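Here are some friendly notes to read alongside the model.

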Amino acid sequence: MKKSCMDKNQFAKRLQDQKTKYYRVAYSYVKNEHDALDIIGEATYKGLKDLHTLQQPEDSMDLFEALDALSERDRACVLLRYFEEYSFVKIAEILQEPEPTVKSRIYRALGKMREFIEEGRTK
C-alpha cells in the first residue's frame, strides 16, 4: 500500500467527498445528529492541525465502503467489536441478541467485507 503526505486541498477534497460516510459512521456510534456533527468537527480540526503528519493510504476508503455495504445490524456488530473493542458478551447485551448470533454476524460480515474489497480491487 503506497502512502504519501496529504496537503490541505487533498484533505478538503477527501472530507467533502466522504462527508456523508463520515457522518454515517459517527452517527452509528452516537445515534444523535448533534453529537455526530461534533465528532466530525473535532476530527476535522485535529486533522487540519496535524496535517503535516497525516498519511494517505490509497486503499483507506475501502474499509468504510465495505462497512457501508453491510446491513445496519452487521455494521453495528463490526463497529462495536473492532472499533470500540467490546467483547462478544457486551455486544450481545447492547444488541439484545444471543452471543452465538453476534459471533455469527461478525464472522459473516467480515467475509462480506473481504469479498467487497476484493471485488473493488479487481475492477
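1. A word on confidence before anything else. pLDDT is the predictor's own confidence in each residue, on a scale from 0 to 100. This is a predicted model, and the chain averages a pLDDT of 79, with 82% of the residues scoring at least 70. Among the elements, helix α5 (residues 88-95) has the highest confidence, at 92, while α3 has the lowest, at a mean of 75.

2. Now the overall fold. The chain has 6 helices and 0 strands, giving the pattern α-α-α-α-α-α along the sequence. Of its 123 residues, 29% count as buried. Among contacts with a separation of 6 or more, 60% are between residues 24 or more positions apart. The accessible surface comes to about 8,500 Å², and carbon and sulfur atoms hold 52% of that surface.

3. Which residues form the largest nonpolar core? There are 8 of them: Ala-66, Leu-67, Leu-70, Val-78, Leu-79, Ala-109, Met-113 and Ile-117. Helices α3 (60-68), α4 (72-83) and α6 (99-122) each supply at least two residues of this core, and α6 gives the most, with 3 residues. A second, separate core has 7 residues, including Cys-77, Ile-91, Val-102 and Ile-106. For background, nonpolar side chains tend to be buried together in soluble globular proteins.

4. Please have a look at Arg-75, which is found in helix α4. Arg-75 is buried and yet has no salt bridge. The nearest side chain of opposite charge belongs to Asp-68, 4.8 Å away, whereas a salt bridge here requires a side-chain nitrogen of Lys or Arg within 4 Å of a carboxyl oxygen of Asp or Glu. Setting aside residues up to four places away in sequence, Arg-75 touches Leu-67, Asp-68 and Leu-70.

5. Where does Asp-68 find a salt-bridge partner? The side chain of Asp-68 meets that of Arg-24 in a salt bridge (3.8 Å, N to O). Asp-68 lies in helix α3 and Arg-24 in helix α1 (residues 8-30), so this pair ties together parts that are 44 residues apart in sequence. Arg-24 is partly exposed, with a relative accessible area of 42%.

6. The structure holds 8 salt bridges, and another to inspect joins the side chains of Arg-73 and Glu-97 (3.0 Å, N to O). Because Arg-73 lies in helix α4 and Glu-97 in the loop between α5 and α6, the pair ties together parts that are 24 residues apart in sequence. Are the two partners buried or exposed? Arg-73 counts as partly exposed at 34% relative accessibility, while Glu-97 is buried, with a relative accessible area of 14%. Both belong to a network of salt bridges linking Arg-73, Asp-74, Glu-97, Arg-105 and Lys-112.

7. For a local pair, see Glu-99 and Lys-103, whose side chains meet in a salt bridge (3.5 Å, N to O). Both residues lie in helix α6, 4 residues apart, about one turn of the helix. Glu-99 is partly exposed, at a relative accessible area of 28%, and Lys-103 is partly exposed as well, at 41%.

8. Gln-96, in the loop between α5 and α6, has a positive phi of about 55° although it is not a glycine. Gln-96 counts as exposed, with 72% relative accessibility. Glu-84 sits in the loop between α4 and α5 and counts as partly exposed, at 35% relative accessibility. Leaving aside neighbours within four places in sequence, Glu-84 is in contact with Tyr-29 and Leu-79. Glu-84 and Tyr-29 are 55 residues apart in sequence, and their C-alpha atoms are 9.2 Å apart in space.

Technical notes
Residues are numbered from 1 along each chain as its sequence is written. This is a predicted model: local features need pLDDT of at least 70, side-chain atom pairs count only at pLDDT 80 or more; totals for chains, interfaces and linings use all residues. Side-chain values use heavy atoms; hydrogens and water are left out. A nonpolar core is a set of buried Ala, Val, Leu, Ile, Met, Phe, Trp, Tyr and Cys residues joined through side-chain atoms within 4.5 Å. Buried means under 20% relative accessible area, exposed over 50%, partly exposed in between (1.4 Å probe, protein chains only). Lys and Arg count as positive and Asp and Glu as negative; His and the chain ends are not counted. Contact means heavy atoms within 4.5 Å. Accessible areas come from the Shrake-Rupley method with a 1.4 Å probe; for residues, only the protein chains shown count as cover.
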